[in-house]
Amino acid sequence: MSSPFRVILTCSQNIVLGVKQSGKTFEIQGVDNIEKLEQDFLGTLRGEKFNQRLKATAKRYNIDGKNILAFYVPEVAFKPVYYNNPINTFIRMGSGDQRATEGEIRAMFRDQSFGKKTEETIPETSIDMLNLNTLKSYRFALSPSMVKVL
């Protein structure tokens, strides 16, 4: 079964079905057959097409006689999450989604195996241990004025 749902899970997501966005305005359109839609969506998340089983919480709303279906999908510990193939990994960029690069996907797998080393602190260290001259040299080397055109 192919899925009509595109699920982006780089962080916790609220997915709302039955609301149309036009620019910065939203229009309640509602959905038909809310029970089937809910079961299909949750079944897709728990199905075998994803590389891991995903949990979601569904809530139904009735606004002005129109059915709205909302899902909360919590952030997962192990990334990437993809549908069928790692190439179907997306990263949230602002309010849009971008296909992850091969390097970003490899980094997610590495973090999954070894943790995010860049977020770890080193015991018994402090900011005072940094050599400020070395830091200034590093920043200067990365400054736009030092970029060379090949």
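This is a predicted model: local features need pLDDT of at least 70, side-chain atom pairs count only at pLDDT 80 or more; totals for chains, interfaces and linings use all residues.
**View 1. The whole chain, from end to end.** Three helices and seven strands make up the secondary structure, counted as DSSP runs numbered from the N terminus (helices H or I, at least four residues; strands E, at least two). Starting at the N terminus, their order is β-β-β-α-β-β-β-β-α-α. Of the 150 residues, 23% are buried, meaning under 20% relative accessible area with a 1.4 Å probe and protein chains only, while exposed is over 50% and partly exposed lies in between.

**View 2. The largest nonpolar core.** Here 14 residues come together as a set of buried Ala, Val, Leu, Ile, Met, Phe, Trp, Tyr and Cys residues joined through side-chain atoms within 4.5 Å. Ile-15, Leu-17, Leu-45, Phe-50, Leu-54 and Phe-71 touch the most other members. At least two residues of this core come from each of β1 (13-17), α1 (34-46) and β5 (66-73).

**View 3. Around Phe-71.** Neighbours within four places in sequence aside, Phe-71 is in contact with residues including Ile-15, Leu-17, Phe-41, Leu-42 and Thr-57; contact means heavy atoms within 4.5 Å.

**View 4. Phe-26 at the surface.** You will find Phe-26 in strand β3 (residues 25-28). Phe-26 counts as exposed because its relative accessibility is 59%.

**Notes for all views.** Residues are numbered from 1 along each chain as its sequence is written, and side-chain values use heavy atoms, without hydrogens and water. Local features need pLDDT of at least 70 and side-chain atom pairs count only at pLDDT 80 or more, whereas totals for chains, interfaces and linings use all residues.
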